[in-house]
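Subject: The structure for you to look at

Hi there,

Here is the structure I promised to pass on. Please open it beside this email, and then read on for what turned up.

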Amino acid sequence: MLLLLSPWGLLSRPASAQAPRCKQSPIYLVKDIATGCAGKQCTSSVPNGMVDMGGVLYFQAFDGEQGVNGAHGTELWKSNGTPEGTELVRDIATHPSDPNSDPRELTVVHGALFFVITQNGLPALWKTTGQANTTERVKGFTSDEPGMELTARGSTLYFKMKGQGGSTKLWKSDGTEGGTVEVPAANGVDYSNPQFLTALGDWIYFQAQDSHGAELWKSNGTPEGTQMVKDLLPGSGDGAPSDLTVVNGQLFFRAIDPQGGNYKLWWSSGSEDNTKPVGGITGNGPLENLTAAGDSLFFTTTEGSTALWALRELPDAKQLRSFPLPLMHLTHVNGLLFFMYGSELWKSDGTKPGTQLVKDFGPTTSISLIAPGPGMAILVANTPQGYALWKSNGEPSGTLLLDEYDYTVGIPSPTTAIVSAGTRLFFVATRLKEGSSDTFVGDELFAVNFKDVDCTRPVIRCVDAMTVEALGPEGARVQYPPLASMSDDSLKPVEVVKYEPPAGTLFPWNETSPSLVTVTARDGADNEETCQMKVFVRDSTAPWIQCPAATLHAEATAREGAPVFFQVSANDAVFLDRVELSHPSGHVFPLGETRVTATAWDGANQQKACSFGVEVKDRMPPSIQCPGPQTVAVQGEDGGRVEFAEATAQDNAGPPEVRYSPGQDSFFPTGETVVTATATDAEGNTASCTFPVTVTGGDSEGEGEGCGCRSGGLPGSVVWLLLVLFPAWTRRRAGKLGA
């Protein structure tokens, strides 16, 4: 893990402001699919059933009568928002007696588009991945079902269709004919008429009818997993669950009040015990408009006035506001609820303070549709001047006219749905033909680019600099911080989409020059903005150094002290520059204690020191060797003063001092006296030895009294004896010669 040495940045750097790039008239005709015109009106392809799969729009469209001028009738089309990318997927119905396949209920399941067509008057299930050669029949049916309610759950398609016995059952399909089968109920229970199919987790929830009436059911696609969840009104008729809505992993629905009266709000986690009415809702008026928005469920009740409610946490719902008239077009856009009250646009975040008026469009403008756009609500408005698209981010200043398009007086707006696919909003409209003042294109496919809905780039700020600790000589791999700030005029959060270089890059160690990182952020309309931050990879950790843990002791080898050898260890994660010692290893340390300081320096000029003591002592006693036994003749019969051969002594720190007891020139009695020689060095260390000195008194020839002669071993006494006797011998020779 990287050690962060500083906050992400004390300063932040904003991205440069960018001018809006919206087109003056962003709405454009994608393609005039049905091209024939009669007078002032052109044939309409009337695209519908629009759905996005992989960024491509799929829809049903009519391009003219089958076989006339190459037309194909009503078939499956796709579009990427360009004329050349808007094309027929496959002409399924080609026989003149059955010219239109009429594809409908387009549903995406695990990367494939399922849809229902009509062949010879009966429904058939088809699928495609977008190419003509992958558009194929899954299964045909022998009975009709007005609406099959195709519903995706994972990689399985669920729908309803008449089955054995002629009653409508739940079916499932894996995309093959053999895998398209009816789903029987557990324990052979006969049920019928499933509807309001809703996926939640591993289950499909729906209303179905059996001997208990119309109640809440669920299925995981197996017989044993297909069963009634709960009899909502035991013994008293149908619970009639409807408007099944999923919020925060819970299922909410309308059902008959067990106490009688209108529909009430229920919730279920899938078990009988956890299927209950929601509390806190007052009044007995109708409950309608169940709408999931973010983490809240919104709905209305009407009893004289219309109350807007929100349920954020079970068990109770909270009333947000009451309105004299009904609410219309409740729509979820990026966590906010938008709705119309008369000519007023409102929003709510699920709280009372957050339920606010956005804009009053006035009495001459009516809003017929609210749809989610790229981080904004898109509104279809009917004004005296014509139809128009508006956009709103929930703020009065952000509720703006997007574009206007013409229409023929008396013909209602064909814009009943707006669908996002890829980076465009698609819808159906009519407009004057290009270059004409009175001929209208029929109801055709129109689009507007996200970047022409939201033409303002996000405002982002990078942290000015970040600093990380180098983990080795190569530097460090860096993970980046969040942006210092980011904002946008849309409701969709700004997302960081790219770091260059990417996170985890190995940045070199450099104490002075930072590396630059470019951050790219994108808003809901794919507007991008960049900012830069500096990355410093520094070595802020001092080197590691270790001295000897205790004082080193050495014995003096000379009067100057002793050479002492030691080892100091040092290292650095990045670069160890040098280690300096106040006294090098092997230095001759004087007697006494000396402090040694070791300092390690790294490449960032950081240092770490340690110290230890070196104590040199002279604890070794000197060596001493005494002479052998000595005999000394003195003149007195009782003894006298003598001189004797001295001991030899050595010491590692210099010549020691030798003292004798008794000492030289002491009075020695006749006979043997033991002399102790003691050597003492400069540190007071001593060593001793002894030798006997034998004193004899008188002289046989009467001469030599008090001569101090001594005898002993050959090395000392013989020499001394010769030296003593030589003068006497010389005198005697002289006397004899004189005689």
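Below are some notes on its sheets, its domains, a salt bridge and a few backbone details.

First, how to read the values. This is a predicted model, in which local features need pLDDT of at least 70, side-chain atom pairs count only at pLDDT 80 or more, and totals for chains, interfaces and linings use all residues. Residues are numbered from 1 along each chain as its sequence is written, and side-chain values use heavy atoms, with hydrogens and water left out.

Two sheets

A word on terms: strands are DSSP runs of E with at least two residues, numbered from the N terminus, and two strands pair if DSSP finds at least two bridges between them. Strands of a sheet pair through backbone hydrogen bonds, either parallel or antiparallel.

Strand β27 (residues 305–311) pairs with β28 in the antiparallel sense over 5 bridges.

Strands β33 and β34 run antiparallel and are joined by 6 bridges, and L369 has V380 in β34 as its bridge partner. The hairpin of these two strands has 4 residues between them, and G375 takes a positive phi near 80° there. Further along, 7 bridges join β34 (residues 377–383) to β35 (residues 386–392), again antiparallel. In that pairing, I378 has K391 in β35 as its bridge partner.

Domains

The domain assignment, which is automatic or comes from a database, gives domain 1 (459–538), domain 2 (544–617) and domain 3 (623–697).

How far apart do the C-alpha centres of domain 2 and domain 3 lie? The answer is 46 Å. In contact (heavy atoms within 4.5 Å) are 6 residues of domain 2 and 5 residues of domain 3. The two domains bury about 410 Å² between them, with 44% of it on carbon and sulfur atoms. Buried area here is the accessible area (1.4 Å probe) that two parts lose on being put together, summed over both. On the domain 2 side, A556, R559 and L591 lose the most area to domain 3, together 70% of what that side buries.

Across this interface there are 2 residue pairs in polar contact, both at pLDDT 80 or more. A polar contact is a pair of N or O atoms within 3.5 Å; within protein, one must be able to donate a hydrogen and the other to accept it, and residues adjacent in sequence count only if both atoms are side-chain atoms. The interface has 0 salt bridges, a salt bridge being a side-chain nitrogen of Lys or Arg within 4 Å of a carboxyl oxygen of Asp or Glu.

A salt bridge to look at

By that rule the count comes to 16 salt bridges. One of them joins K160 and E149, with the closest N and O atoms 3.2 Å apart. K160 lies in strand β14 (residues 156–162) and E149 in the loop between β12 (136–140) and β13 (151–153), so the pair ties together parts 11 residues apart in sequence.

Backbone details

Most residues other than glycine have a negative phi, and most peptide bonds are trans. A cis peptide bond joins E500 and P501, with omega about 0°; P501 is in the loop between β44 (495–500) and β45 (506–507). The bond from S661 to P662 is also cis, with omega near -5°, and P662 sits in the loop between β60 (657–661) and β61 (667–669). N193 is not a glycine, yet has a positive phi of about 55°; N193 lies in strand β17 (residues 192–200).

Happy exploring!
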